[in-house]
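Have a look at the picture first, then read on.

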Amino acid sequence: MEERIKKAIDDALLQAGAPEVAFALERPPDAKFGDYSTNAALAAANLLGKNPNEFAKELAHLLKDKLSEDAGQVLVAGPGFVNITLSRSTVALAIAEADAAGVAWGKGNAAERMRIIIEYSNPNAFKEMHVGHLVGSVVGEALARLIENAGATLARATFGGDIGPNVAKSLWALKRHDVSEPESARQIGEAYAEGSRAYDSDPQAKEEIDALNRAIYAGEDRVLMELWRKGRAVSVEEFRRIWRLLGAHFDFEFFDSDTTEIGMRVVRDGLAKGIFKKSNGAIIYDGEAKGVHTMVFITSHDTPTYEAKDIGLAFLKEERWPSDASLIITGNEQIGRFKTVLAALADIAPLLAAKTTHIATGFLKLVSGKMSSREGNVIAAADFIRDVTQRAKEKNPDPLIAEQVALGAIIYMILRQTPGSDIIFDPEKSLSLDGDSGPYLQYALVRARKILAYAGGEAGTNVPAAPYAIERLIMHYPEVAARAARERAPNLLVNYLTELAGAWNAFYATEQVLGSPEETYKQRVARAFATTMINGLALLGIPAPEKM
RNA sequence: GCCCCCAUAGUUCAAUGGAUAGAACAGCGGACUUCUAAGCCGUUGAUGUAGGUUCGAUUCCUGCUGGGGGCACCA
């Protein structure tokens with residue numbers, strides 16, 4: 001639909017003597033302005049030095065003609081917007097299309113020939129996954145699904161930390177307590193906190209931990225490496241459990257230890273070419289000239305920093321899964337770090353750097369302040385999910401439904417905001433199960449499903465004279481899904497689905513479906529709504545319960 | 001000290017340079033003998049500050065105030 005209208009506007013502009021004007025075509029802020037609105041006349045009149053209102057009238061006239069039976073009304077409003085209200089039959093056709101398309105409803109082709117690799121979640125083994133880590137997993141998975149829905153061929157990657165000083169801290173404390181068989185992510189996480197405190201307060205511990213770190217890189221101490229392998233396995237098992245809950249899965253699980261060798265090699269090679277330089281025994285990238293932070297890539301102890309590993313990973317990804325674009329999703333505290341890494345990569349491999357994009361997610365913060373695993377005021381991801389599930393059980397004791405509702409609430413909370421901005425939540429009040437929330441969307445769907453369970457017979461006859469508000473919203477779904485993918489902004493889809501659920505709930509409250517004169521048509525609307533909601537929730541990773 | 005980000009209602013969030021700045025929660029007030037009240041309807045209430053660009057600024061630019069993040073051997 002959107003494409004047809006765009007084409008008509010292009011043609012009309014050409015005919016009016018204003019070809020190639022950039023314009024916006026959007027859903028107007030208020031339904032009374034119609035189904036589509038364009039500023040084309042404003043833009044063109046500006047360029048031609050004409051009166052916007054008069055030009056808009058001319059354009060509206062031409063458009064009405066070109067759209068023929070699609071257009072019910074084409075009107076000029078405000079400073080010179082051209083507003084298009086579709087005809088009854090065109091809206092009904094869109095609803096029939098949504099109904100018939102099923103799971104294919106809303107699939108796009110904008111990214112059809114693209115191979116895209118997306119990296120997210122990036123947990124640290126030897127630390128417990130806390131609620132903050134949910135953000136990257138949830139945002140990454142939603143983006144992955146949106147981009148896939150836009151037609152791209154996608155690979156999901158995650159880059160886990162399994163080597164480096166933080167690992168040494170955890171192992172140091174485990175050794176201290178003579179643990180040789182770590183049993184839980186919690187135990188390992190607590191060991192990390194202990195090692196971390198000792199590192200900061202006890203000089204002798206610091207020395208031991210630093211030595212341990214080098215020993216892990218060297219990999220020659222068999223007892224130590226055995227403990228490392230076991231601890232890592234326990235951590236990874238926990239990550240996978242949480243990924244499963246969130247519906248995330250990865251084609252590639254990379255680890256630090258996979259990237260150290262190639263990262264070191266590339267950086268040393270860059271040193272020879274003058275891209276990096278030596279400073280106090282370390283190999284650094286001097287970012288001054290490019291306006292980025294100067295950072296160490298290889299330490300004076302000849303161990304790689306995360307920066308060198310990121311460089312190594314970029315090459316490793318390219319080797320394993322060549323792509324047209326590479327997306328890396330991390331917390332926004334890493335923005336500065338990635339500017340340096342990408343600046344360095346641009347010097348080493350310009351093409352690789354050009355197709356790599358860093359996307360920052362917001363930080364999840366407590367009302368009381370920020371969480372820190374060393375200070376121990378963290379909420380473990382697993383505990384958090386369990387607590388919210390518990391609260392959901394107060395309304396519905398069914399364990400499966402409670403879990404679906406809880407995950408819906410958590411994912412919604414994370415995805416509803418503009419990407420990159422911090423998320424603040426109050427663990428006391430916890431998070432919302434009503435109003436603007438995941439369960440609000442789920443509940444609207446469940447009500448539609450209930451009607452459809454009762455309904456039967458063929459649908460689509462008895463079309464009421466004027467479209468319902470819900471119909472006019474449903475038909476915009478493919479455009480919203482496409483835009484959310486293009487702008488890497490799942491919140492656009494969240495906002496839309498919330499509005500959609502509200503329109504459905506209003507419809508539900510005022511319109512009897514079963515037994516009404518327009519029953520068969522209303523059933524079709526209900527099915528089109530359910531299809532849209534199911535597909536939309538799936539893109540976000542929010543479960544779609546059968547009952548609530 | 002330098003770099004980046006942010007500031008919208010009591011609170012948590014929206015708003016490709018465009019139309020009367022939208023929701024939700026909290027508050028206040030309603031409806032309902034009907035397909036599930038995690039719902040529906042009504043209502044009170046906001047762009048930090050001073051300028052600039054523009055036909056038009058929450059949006060772009062500059063100063064100020066306030067907050068967050070980052071800045072060589074941590075991730």
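How many helices and strands does chain A have? Chain A has 20 helices and 14 strands.

## The model at a glance

Keep in mind that this is a predicted model. The scores that come with it are ipTM 0.95 and pTM 0.95. Chain A averages a pLDDT of 91, and 97% of its residues score at least 70. Confidence in chain A is highest in strand E5 (residues 115–119), at a mean of 97, and lowest in strand E13 (residues 364–366), at a mean of 79. Where pLDDT is low, the predicted coordinates should not be read in detail.

As for dimensions, the C-alpha atoms of chain A fill a box of roughly 80 × 60 × 40 Å along the principal axes. Of the 548 residues in the chain, 47% count as buried. If you take the contacts in chain A with a separation of 6 or more, 75% of them are between residues 24 or more positions apart.

## The antiparallel sheet

Let's start with a sheet of four strands. It's an open one, in the order E1-E2-E4-E3, with antiparallel pairing. At its edges sit strand E1 (25–26) and strand E3 (71–77), each pairing on one side only.

E3 and strand E4 (residues 81–86) run antiparallel and are joined by six bridges. Gln73 has Thr85 in E4 as its bridge partner, and Leu75 stands opposite Asn83 in E4. The hairpin of E3 and E4 has three residues between the strands, and there Gly78 takes a positive phi near 60°. Helix H3 (residues 52–67) packs on this sheet, touching E3 and E4, and its direction makes about 175° with that of E3.

## The parallel sheet

Next up is a sheet of five strands. This one is open too, in the order E7-E6-E5-E11-E12, and the pairing is parallel. Its edge strands are strand E7 (252–255) and strand E12 (356–361), and each pairs on one side only. Ignoring direction, neighbouring strands of this sheet are turned by 25° against each other on average.

Strand E6 (residues 153–160) pairs with E7 in the parallel sense over four bridges. Gly160 stands opposite Phe255 in E7. Helix H11 (residues 306–320) lies across E5, E6, E7, strand E11 (325–331) and E12, and runs at about 150° to E7.

## A lysine in helix H11

Now zoom in on Lys309, which has its place in helix H11. Is Lys309 buried or exposed? Lys309 is buried, because 28 other C-beta atoms lie within 10 Å, and 20 or more is enough to count as buried.

Who is around it? Leaving out residues up to four places away in sequence, Lys309 touches Asp256, Thr259, Thr260, Gly263 and Pro304. Then there's Met264: Lys309 and Met264 are 45 residues apart in sequence, yet their C-alpha atoms are 7.7 Å apart in space.

## Two loop residues with positive phi

Asn122 has a positive phi of about 30°, although it is not a glycine. You'll find Asn122 in the loop between E5 and helix H5 (131–149). Why does Asn122 count as buried? Because Asn122 has 21 C-beta neighbours inside 10 Å, and the cut-off is 20 or more.

Arg488 is another residue that is not a glycine but has a positive phi, here about 50°. Arg488 is in the loop between helix H18 (477–486) and helix H19 (490–510). With 18 other C-beta atoms within 10 Å, Arg488 is partly exposed.

## Around the RNA

Finally, have a look at RNA strand B. Which residues come nearest to RNA strand B? Of the 74 residues around RNA strand B, those are Ala24, Asn280, Thr299, Gly336 and Gly435.

The residues of the surface near RNA strand B divide into 33 nonpolar, 29 polar and 12 charged. Helix H16 (residues 438–454) gives the largest share of that surface, with eight residues.

Definitions and conventions. Residues numbered from 1 in each chain as written. Chains lettered and ligands numbered in written order. Predicted model: local features only at pLDDT ≥ 70, side-chain atom pairs only at ≥ 80, totals over all residues. Pairing = 2+ DSSP bridges. Contact = placed C-beta atoms within 7 Å. Axes fitted to C-alpha atoms, helices over the stretch in contact; angles between N-to-C directions. pLDDT = per-residue confidence, 0-100. Near = placed C-beta within 6 Å. Nonpolar A, V, L, I, M, F, W, Y, C, P; charged D, E, K, R; others polar. Buried ≥ 20, exposed ≤ 12 C-beta atoms within 10 Å, placed from the backbone.
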